[in-house]
Amino acid sequence: MRTIKWGIIGLGGIANKLAQAVTSMSSVELVAVASRSKEKSETFGNRYGVTKDKCYGSYDEIVKDKEVEVIYVAVPHNFHKELSILCLKNGKAVLCEKPVTISEEEIREVIKVAEENKVFFMEAMKTRFLPVHRKAKELIEEGKIGEVRLLQADFGSLVPFDPEGRIYNKDLAGGALLDVGVYNISYSAFIFGNKPKAIDSTLYIGKTGVDENVSVTLTYENGEQAQLYGAINAPTIREANIIGTKGRICVPRYSSGEKVVLILDGKEEVIDLPFEINGFEYQIEEVSNCIREGKLESEVMSWQDSIEVMRIMDEVARGKRV
């Protein structure tokens with residue numbers, strides 16, 4: 001199996017997670033990293049065995065590196081469009097951290113460039129690739145819980161208030177919807193599809209002008225509903241419950257879950273599905289396999305999936321603001 005050579009742009013906390021996974025896998029290799037600070041780049045690269053000459057102090061340098069095949073874009077999401085396009089125009093495949101962009105218009109621009117340059121692109125919605133969610137989907141398709149009627153999912157954190165930081169800063173596309181609400185909406189699309197018939201939302205706008213919590217109800221063709229809640233001002237339980245006519249599937253800590261609980265007739269069956277590394281390995285495998293096979297997009301997290309999720313996100317953002 002050909003080793004796929006990776007680079008990383010943006011060296012914050014989440015980039016460490018991907019670097020830990022890549023450097024623990026035999027089929028991929030981390031060969032370059034880039035930050036706007038050469039010093040930060042070298043510190044990060046040294047941690048993961050990247051040579052000094054491949055620790056770049058600018059993004060323009062890493063996209064010119066001929067050894068790099070795919071770049072993980074892990075900068076704040078208001079820069080996702082710009083840097084994804086920079087990578088794609090230089091022939092680099094891209095795994096772009098969620099939310100893929102900050103609007104449907106932006107993701108359409110990115111995908112147009114990927115199409116024109118015939119380069120692979122995928123949103124890094126890691127939940128879609130976790131074993132627990134593949135198992136949940138399998139249980140649904142087997143009819144274990146009957147007809148699915150309701151999804152309830154929440155993702156909330158208590159983020160310390162910092163008006164200059166990324167999360168609470170309107171100029172940096174802060175807020176609960178883009179930061180954590182996207183997990184809920186993308187998960188609903190994973191379970192029910194991308195075409196809700198009705199979208200209702202309420203956003204609480206804090207003193208910096210960003211949404212600090214957001215509640216969303218999506219209603220689908222046959223009356224199925226998704227009730228979703230995201231917050232940056234409350235540490236919720238982060239659980240997904242999929243409720244059918246015969247039973248329920250619960251995924252605790254669903255954004256990074258390692259077990260599925262199947263509840264039928266009041267009895268619980270716990271299915272443990274621990275990560276091989278840290279949970280990032282599954283999307284890394286998907287991207288690398290797609291590149292080896294010459295694909296431009298993933299069937300699990302397709303371009304159309306990203307477009308439709310951002311369309312829903314745009315509609316949610318236009319909801320009631322309080």
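## Glu-147 and Arg-149

Glu-147 is exposed, at 52% relative accessibility. Exposed means over 50% relative accessible area, buried under 20%, and partly exposed in between (1.4 Å probe, protein chains only). Arg-149 is partly exposed, at 32%. The two form a salt bridge, with their closest N and O atoms 3.9 Å apart. A salt bridge here is a side-chain nitrogen of Lys or Arg within 4 Å of a carboxyl oxygen of Asp or Glu.

## Basis of the model

This is a predicted model: local features need pLDDT of at least 70, side-chain atom pairs need 80 or more, and totals for chains, interfaces and linings use all residues. Residues are numbered from 1 along each chain as its sequence is written, and side-chain values use heavy atoms, leaving out hydrogens and water.

## Other salt bridges

The whole structure holds 18 salt bridges. In one of them, Asp-65 meets Lys-54 at 2.9 Å, N to O. Asp-65 lies in the loop between H3 and E4, and Lys-54 in the loop between H2 and E3, so the pair ties together parts 11 residues apart in sequence. Helices (H or I, at least four residues) and strands (E, at least two) are DSSP runs, numbered from the N terminus. Asp-65 is buried at 5%. Lys-54 is buried too, at 14%.

Glu-308 and Arg-311 pair at 2.8 Å, N to O. Both lie in helix H9, 3 residues apart, about one turn of the helix. Glu-308 is buried at 6%. Arg-311 is partly exposed at 28%. Elsewhere, salt bridges with shared partners join Lys-54, Asp-65 and Glu-67 into one network.
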